[in-house]
Amino acid sequence: MRHARILLTTMTLLALALPGCAGTKTTRTAPTLAAAPARTTDALGRLADPDFLFTGSDKRSGNRLKVKAMAYTSCSATGKKKSKRAARGAWGDALTDDINAVAVSPDLLEMGLDRGDLITIEGLPGQYKVLDVMHGRHDKTIDIFYGDDRCGALQWGKRTLTITWQ
């Protein structure tokens, strides 16, 4: 009984710490370890991997890099009313809820990424377009755009994962 009360209290405190999260619609779900794509080396796993089938080897084409990944939104940190105008990336591109966009640290631009390049993020479906640049203090870091979903961005947190681009 005591453990149930502790659990209930903890869940209540977590719900209060993330205001406005109960009714928000999340566009992306945070990947779990079980949801990460399996890269097995057995024959069946390699045959299920399109990169292996079309390149003829287990080595993926393109660039691969382990980076820190964070999330950001178009909402202000104070929670005030959002502007009627769409958020803009560093190059002036409109950032809307229906677009998969990322911001990259300046050192990734020096490594060959450029505006409009498509990247694949380990554990997330689809491809993401580079439409924004982060501050120069960040190294080997990407920021995933979550639109207006502040709760989803908070739940994403900060992770280390692998990105791939051509």
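What share of the contacts in the protein chain with a separation of 6 or more comes from residues 24 or more positions apart? In this predicted model, such residues account for 75% of those contacts, where contact means heavy atoms within 4.5 Å. Because the model is predicted, local features need pLDDT of at least 70 and side-chain atom pairs count only at pLDDT 80 or more, whereas totals for chains, interfaces and linings use all residues. Residues are numbered from 1 along each chain as its sequence is written, and side-chain values use heavy atoms, with hydrogens and water left out.

The secondary structure of the protein chain comprises five helices and eight strands; helices (H or I, at least four residues) and strands (E, at least two) are DSSP runs, numbered from the N terminus. From the N terminus on, the elements follow the order α-α-α-β-β-β-β-α-β-β-β-α-β. Of the 166 residues, 31% are buried, a term that denotes under 20% relative accessible area, with exposed meaning over 50% and partly exposed in between (1.4 Å probe, protein chains only).

Strand 8 (residues 159-165) is mostly covered, as five of its seven residues are buried. Two strands are said to pair if DSSP finds at least two bridges between them. Strand 8 pairs in the antiparallel sense with strand 1 (residues 63-72) over seven bridges, and Ala69 stands opposite Arg159 of strand 8. Strand 5 (residues 118-121) also pairs with strand 8 in the antiparallel sense, over three bridges; here Thr120 has Thr164 as its bridge partner.

Arg159 also lies over the face of Trp156, at 4.1 Å from the ring centre. For such a placement, NZ of Lys or CZ of Arg must be within 6 Å of the ring centre and within 35 degrees of the ring normal. Trp156 belongs to helix 5 (residues 150-156) and is buried, because its relative accessible area is 2%. Trp156 and Ile144 are twelve residues apart in sequence and 9.4 Å apart in space, C-alpha to C-alpha.

A nonpolar core is a set of buried Ala, Val, Leu, Ile, Met, Phe, Trp, Tyr and Cys residues joined through side-chain atoms within 4.5 Å. The largest contains 20 residues, of which Val102, Leu113, Ile119, Ile121, Ile142, Ile144 and Ile163 touch the most other members. At least two residues of this core are supplied by each of strand 1, strand 4 (101-104), strand 5, strand 6 (127-133), strand 7 (141-145), helix 5 and strand 8. Another core, of eight residues, lies apart from it and includes Met70, Leu95, Ala103 and Leu131.
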